[in-house]
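Let's take a walk through this model together, one neighbourhood at a time.

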Amino acid sequence: DQTYFIHNIKKEQLPHLLFPIGGMKKTQVRELARKIKLPNAERKESMGLCFVGKIRLKEFLGQKLKPKKGLIIGQKGEILGQHEGLANYTIGQRQGIKVGASGPYFVFKKDMGANTLYVSNNPNDKRLFVREIQLHSVNWIGQDLRLKIKDLRLKGRYRHQGELVPLTIIKIKKDLYRVVFNKPQKAVASGQSLVLYKGKECVGGGVIV
């Protein structure tokens, strides 16, 4: 299911799109690729930045941004070490936080103004969870739900292959929406996509503020 990545396709574009292998499983695609002798039939699946070549995300960002080191602060306000640039971390991240202390640690806040990273070694720290978020750059497809946006009950996911969670979405003003999850959600980060579903149908999505 690739709807998480293509939720922002415009409604008027859909009649002109073809997804020739959209109804096939990966095993079937591999089998067909072998049958017609495609050169990439046995190629390993890419889970990284496949569109920029064989390079890690940290190295890619390092080419585009000048990393600025800053403090890593623990959940009690103690200094744990130095980070290698806030762009290298996301909310909820566990790997790559090198503080040499008892862990693992999870990122619960990034203070861009102070260039400070805040972490907790409690995976259930309440600061890792949110009940409400705001959404912008929302694209509605399929059913015209933008006309029924007052307390609209849908389901959504905020990461690929994440669980579909019940929520209510309320329009605040043009291109800005308030989203209330039925239950607090962990590690919801600014800049992630929240993709919306009515049953099994993807009805659109937007960017988390």
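With a relative accessible area of 42%, Glu132 is partly exposed. Please keep in mind that this is a predicted model. The side chain of Glu132 meets that of Arg178 in a salt bridge, with 3.0 Å from N to O. The pair links distant parts of the chain, since Glu132 belongs to strand 5 (residues 129-140) and Arg178 to strand 8 (residues 176-186), 46 residues apart. Arg178 counts as partly exposed too, at 31% relative accessibility.

How many salt bridges does the structure hold? There are three. Side chains of opposite charge can pair when their charged atoms come close. Another of these pairs is Glu42 with Arg34, whose side chains meet at 2.5 Å, N to O. Here Glu42 is exposed, with a relative accessible area of 57%, while Arg34 counts as partly exposed at 44%. The side chains of Asp125 and Arg127 also form a salt bridge, at 2.9 Å from N to O. Is Asp125 buried or exposed? Its relative accessibility is 6%, so Asp125 counts as buried.

The charged end of Arg127 sits over the ring of Phe108, 4.3 Å from the ring centre. Phe108 itself is buried, with a relative accessible area of 12%.

Now for the aromatic rings. A pair of aromatic rings is described by the distance of the centres and the angle of the planes. The count of aromatic pairs comes to four. One of them joins Phe108 and Tyr118: the ring centres are 6.2 Å apart and the planes stand at 45°, so the pair is tilted. Because Phe108 lies in strand 3 and Tyr118 in strand 4, the pair ties together parts that are 10 residues apart in sequence. Tyr118 counts as partly exposed, at 21% relative accessibility; the cut-off for buried is under 20%. Tyr118 also has a charge over its ring: the charged end of Lys109 sits there, 5.2 Å from the ring centre.

Strand 3 and strand 4 (residues 116-120) run antiparallel and are joined by five bridges. Which residue of strand 4 is the bridge partner of Asp111? That partner is Thr116. Strands of a sheet pair through backbone hydrogen bonds, either parallel or antiparallel. In this model, four strands form an open sheet in the order 2-1-4-3, with mixed pairing. Strand 2 (79-83) and strand 3 (106-111) are the edge strands, each pairing on one side only. On average, neighbouring strands of this sheet are turned by 30° against each other, direction ignored.

Our last stop is His7. Where does His7 lie? Look in the loop between helix 1 (3-6) and helix 2 (26-35). His7 is buried, with a relative accessible area of 6%. Leaving aside residues up to four places away in sequence, the residues His7 touches include Asn139, Ile141, Ser193 and Val195. Cys202 is also one of its contacts, as are Gly204, Gly205 and Gly206. Although His7 and Cys202 are 195 residues apart along the chain, their C-alpha atoms are separated by 7.1 Å.

Key. Residues are numbered from 1 along each chain as its sequence is written. This is a predicted model: local features need pLDDT of at least 70, side-chain atom pairs count only at pLDDT 80 or more; totals for chains, interfaces and linings use all residues. Side-chain values use heavy atoms; hydrogens and water are left out. Two strands pair if DSSP finds at least two bridges between them. Helices (H or I, at least four residues) and strands (E, at least two) are DSSP runs, numbered from the N terminus. Axes are lines fitted to C-alpha atoms, for helices over the stretch in contact, and angles run from 0 to 180 degrees between N-to-C directions. A salt bridge is a side-chain nitrogen of Lys or Arg within 4 Å of a carboxyl oxygen of Asp or Glu. Buried means under 20% relative accessible area, exposed over 50%, partly exposed in between (1.4 Å probe, protein chains only). Rings of Phe, Tyr and Trp (its six-membered ring) pair if their centres lie within 6.5 Å; planes under 30 degrees apart count as stacked, over 60 as edge-to-face and the rest as tilted. A charge sits over a ring if NZ of Lys or CZ of Arg is within 6 Å of the ring centre and within 35 degrees of the ring normal. Contact means heavy atoms within 4.5 Å.
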